[in-house]
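Colleague: I'm new to this one, can you walk me through it?
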Amino acid sequence: MPEATVLPSAVLERIPTRTVDVGGLPVRRALPTRARRLVGAWCFLDQAGPVQVAPGAGIHVGPHPHIGLQTFTWMLDGEVMHRDSLGSELVIRAGQINLMTAGHGIVHTEESLDQTGGAIHAAQLWIALPESRRHGPAAFDHYPELPLHTQDGVTLTLLAGQAFGAEAPTRIYSPLIGMDIAMTPGSRTELPLAPDFEHAVLCLRGSASVEGHECVPGELIYLGAQRTQITLSATQDAQLLLIGGAPFQEDVLLWWNFVGRSTEELSHAATQWNAGDSRFGTVAGNHLPRLVAPSLEGVQLRPTPTAST
Ligand code: MN
């Protein structure tokens, strides 16, 4: 096995997640944080659970809009009903992905199916859409099956992009990778990385060693770019999420459920949403209260730094 090539500019930063409340459920937010706003075009990463919730205490997120992004839900445990303004209505289960492309605008709801309680564990990510796609039509895709590969006692599930000779079916608009990595006690493996991508690893459960550094839940390990491989090992069961992508070349603003390029654009979308503008449509079959966009007045938004800054 050749030695890994790590150029001097390759970094390893440990970035703590922060706990936020999403519809009554505490989640760990790994992106954006003060230290890191983007990894490729991945601009948002929440981990909900793993947790067992009481009856009725799960996810109940009422109608809310998105623009300029894709929501990417990787379901690890539990069942959630998705409904949107395109008429989509389906249950996402463990091992499946929902990929909702907001484009110019969409509305959706997310609701735990099991009113008697049960398990919840999910990662929800957002992908900033490039200029060429962000004004386009909304779309929704559900992916019940994804490419799997096992090596050295490690099971890899390809969520986005290309790896181990396979290509994920998920429809994305910039060069990205997303991979779930399930490790068994005593496993050790090496994964090739694209050196022109920046990468980060989030430990979803258990603990593992990433490039010799312990990786535990509650911390995002940012690996920078210019790495050609990564070495992982585990002494216990562990599950990691690897994300990466070509450094995104557009300055994006992220506010509430919107990704845009200017405060005016975001403010206009918020005004339209709160006024019930037809830009966003409605969710058939919904019984949850509609969310209200907060005021942007006095809010200073900081553009996400691009790779060069
Ligand atoms: Mn949403």
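This is a predicted model: local features need pLDDT of at least 70, side-chain atom pairs count only at pLDDT 80 or more; totals for chains, interfaces and linings use all residues.

Colleague: Okay, which residues coordinate the manganese ion?
Modeller: The manganese ion is held by the NE2 atoms of His64, His66 and His108, at 2.1 to 2.2 Å. Along the chain, these donors follow the spacing H-x1-H-x41-H. His66 sits in strand E5 (residues 60-66) and His108 in strand E10 (residues 106-112), so that pair links distant parts of the chain, 42 residues apart.

Colleague: Is His66 buried or exposed?
Modeller: Buried, because its relative accessible area is 1%, and buried means under 20%. His108 also counts as buried, at 1% relative accessibility.

Colleague: New topic: where does Gln239 lie?
Modeller: Gln239 is in strand E24 (residues 238-245). Gln239 is buried too, with a relative accessible area of 9%.

Colleague: And what does its side chain make a polar contact with?
Modeller: The side chain of Gln239 pairs with that of Asp180, at 2.8 Å. Asp180 belongs to strand E17 (residues 176-183).

Colleague: Which residues is Asp180 in contact with, leaving aside neighbours within four places in sequence?
Modeller: Among them are Trp74, Leu76, Thr155, Leu204 and Gln239. With its own neighbours within four places left aside, Gln239 has contacts including Leu76, Asp180, Leu204 and Arg205.

Key: Residues are numbered from 1 along each chain as its sequence is written. Side-chain values use heavy atoms; hydrogens and water are left out. Donors are N, O and S atoms within 2.8 Å of the metal (3.2 Å for Na, K and Ca); water is not among the atoms, so sites may look incomplete. Helices (H or I, at least four residues) and strands (E, at least two) are DSSP runs, numbered from the N terminus. Buried means under 20% relative accessible area, exposed over 50%, partly exposed in between (1.4 Å probe, protein chains only). A polar contact is a pair of N or O atoms within 3.5 Å; within protein, one must be able to donate a hydrogen and the other to accept it, and residues adjacent in sequence count only if both atoms are side-chain atoms. Contact means heavy atoms within 4.5 Å.
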